[in-house]
Amino acid sequence: MLLTVIAVLMLLSCTCGENPAIQVTLTNKGLQYGKHEATDWVQKNLEDVTLPDITGEIDISVLGSIDYTLTGIRIIKCDLPEPSVEFYPDATGFKTSMLGLSVALSGEWMTHYGIIHDGGSFDMAVFSVSVSSVVELGKYADGHLSVNSVSCDAQVGDVDMEFHGGASWIVQQFVNHFKDRIRGEIEIKICPYVKKMIVNLDYHLQAMNVSFDVDQALTLDLSLTDFPFIDVSRLNLGFKGEFYSIKTHVDPPFEAQPFTMPEQQGYMLSMGLSEFTLNSASYGFYSAGGFQVLINNSMIPPGSPVHLNTSLMGPFIPQLPKMFPGLLMDLQVYATEVPMFSFQPDAVKVDFQVAVKAFAIQPNGTQTPLFKLNVDSKFISKVWISGGRAKGSVSMDNFTLMLAGSEVGPFQTDALEIMAKMGINFALAKVNQKLGKGFDLPRMKHAQLVNSVLKMQEGFVALFSDAEVLLTDRRFNRQRDGPV
């Protein structure tokens with residue numbers, strides 16, 4: 001149960017001391033929900049579990065020493081009480097306790113007494129099993145989460161057995177002589193089995209990627225920045241949350257600033273995303289040569305009143321059709337600075353500094369420089385969650401167009417600025433139409449977010465949400481049916 005909760009957290013996955021740009025918090029409500037769902041899952045899948053063999057030797061005064069092996073042990077029925085799981089600050093981890101577990105088992109038995117070998121099947125009932133375990137969370141130097149078993153204690157109340165086949169009627173007479181030994185064998189195998197599962201989980205966590213290529217230009221680093229923080233009510237993980245250019249892998253000239261997630265009662269989990277993450281993506285894309293595009297006349301809608309043709313640009317630049325009549329034009333548009341995002345309460349602001357170089361296309365295909373414009377633009381976006389979907393809107397806060405240089409002589413840019421604003425507002429209307437319909441919230445393979453709330457804060461955005469496990473997901477069932 002506990003291991004499933006930890007694994008789910010890692011589906012979200014250094015240098016110590018740096019500020020995390022992404023924070024993920026699991027609350028006690030989320031921990032208890034995960035425990036409940038994991039308990040149900042274990043109860044439904046116990047029939048697939050095969051337990052380790054039990055071997056030993058029993059000394060019976062009348063007969064001497066009898067070797068025995070219990071093999072192929074399967075769980076037939078289980079009375080699985082829901083365990084107690086709690087955050088355990090003393091070990092920076094979790095403490096799990098389960099009391100009163102009873103299990104019905106079946107398997108095969110084999111005995112060896114001198115030259116006599118015998119065997120058959122058996123039914124076993126194990127009563128009043130109690131297990132308590134403490135698991136510690138940590139961090140490897142490369143930013144992977146570590147999980148380690150700190151302590152484990154197991155006790156078995158009683159065992160009852162019934163043998164079938166072979167000379168089972170003889171073996172059955174001596175059940176009282178060796179069932180305590182078998183009870184002890186079961187008891188000492190429980191904690192090693194628990195620790196083996198934790199070691200296996202730690203191995204898989206180390207094998208997980210902490211950086212991901214999101215496209216051909218950018219990779220995202222999700223390594224832990226520091227050790228997990230745990231108190232009695234929550235677990236907090238801090239991730240680097242930095243995008244890099246795959247080509248350059250250069251750190252941006254700014255750092256993630258510390259932020260504190262606001263208290264929001266009643267949710268299973270929360271996630272905070274710093275503006276640093278978006279700005280590092282912007283810097284990485286800019287460093288890789290992004291934020292530039294070549295616009296030609298074929299990209300202009302046929303019904304547009306303006307086309308990239310020197311003669312049709314006369315109303316805006318009177319001398320242009322006289323100097324270069326009837327020529328098509330290209331516009332080279334590129335960012336002159338890294339676009340920067342700023343998270344404000346209830347809004348996201350972005351500054352976009354752009355240059356536009358215009359060229360006339362000569363009959364022989366050569367480009368003749370015409371002029372260069374500088375554009376200072378600012379946009380404001382609002383983001384919210386409604387009906388389980390992320391929605392938003394974008395508006396233009398400022399747009400200023402200035403002439404930076406001209407090979408055709410000076411000209412006024414007011415008319416061009418008005419035309420550009422009209423084009424941008426037209427594009428924003430299309431964008432807002434899609435944003436108004438919204439997008440489904442991201443979902444994990446076997447879980448989805450529900451009852452989510454998004455809050456914009458100074459420097460970061462906070463998401464508070466409950467989660468719903470989808471154990472009936474078809475992909476999950478296919479995975480279960482495949483090799484283990």
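The chain of this predicted model is divided into domain 1 (49–207) and domain 2 (211–301 + 335–354 + 370–469), with bounds that come from an automatic or database domain assignment. Residues are numbered from 1 along each chain as its sequence is written, local features need pLDDT of at least 70, side-chain atom pairs count only at pLDDT 80 or more, and totals for chains, interfaces and linings use all residues. Side-chain values use heavy atoms, with hydrogens and water left out.

Taken over C-alpha atoms, the centres of domain 1 and domain 2 are separated by 53 Å. Where the two meet, 13 residues of domain 1 are in contact with 13 residues of domain 2, contact being heavy atoms within 4.5 Å. The size of an interface is often given as the accessible area lost when the parts come together. Here the buried area (the accessible area, with a 1.4 Å probe, that two parts lose on being put together, summed over both) is about 960 Å², and carbon and sulfur atoms give 80% of it. On the domain 1 side, Phe87, Pro89 and Lys139 lose the most area to domain 2, together 53% of what that side buries.

A search of the whole structure for disulfides (pairs of cysteine sulfur atoms within 2.5 Å) finds 1. This disulfide joins Cys152 to Cys191, with an S to S distance of 2.2 Å. The pair links distant parts of the chain, 39 residues apart: Cys152 lies in strand β8 (residues 145–164) and Cys191 in helix α4 (residues 175–207). Helices (H or I, at least four residues) and strands (E, at least two) are DSSP runs, numbered from the N terminus. The torsion about the S-S bond of Cys152 and Cys191 is about -85°, so the disulfide is left-handed. Cys191 has a relative accessible area of 12% and is buried, a word used for values under 20%, with exposed over 50% and partly exposed in between (1.4 Å probe, protein chains only). Cys78, by contrast, is in no disulfide, and the nearest cysteine sulfur, that of Cys152, is 16 Å away. Cys78 is also buried, at 13% relative accessibility.

Strand β16 (residues 329–335) is mostly covered, with 6 of its 7 residues buried. Strands count as paired if DSSP finds at least two bridges between them. Strand β15 (residues 292–296) pairs with β16 in the antiparallel sense over 5 bridges, and Gln292 stands opposite Tyr334 in β16. β16 also pairs with strand β18 (residues 347–361), again in the antiparallel sense, over 7 bridges. The bridge partner of Ala335 in β18 is Val354.
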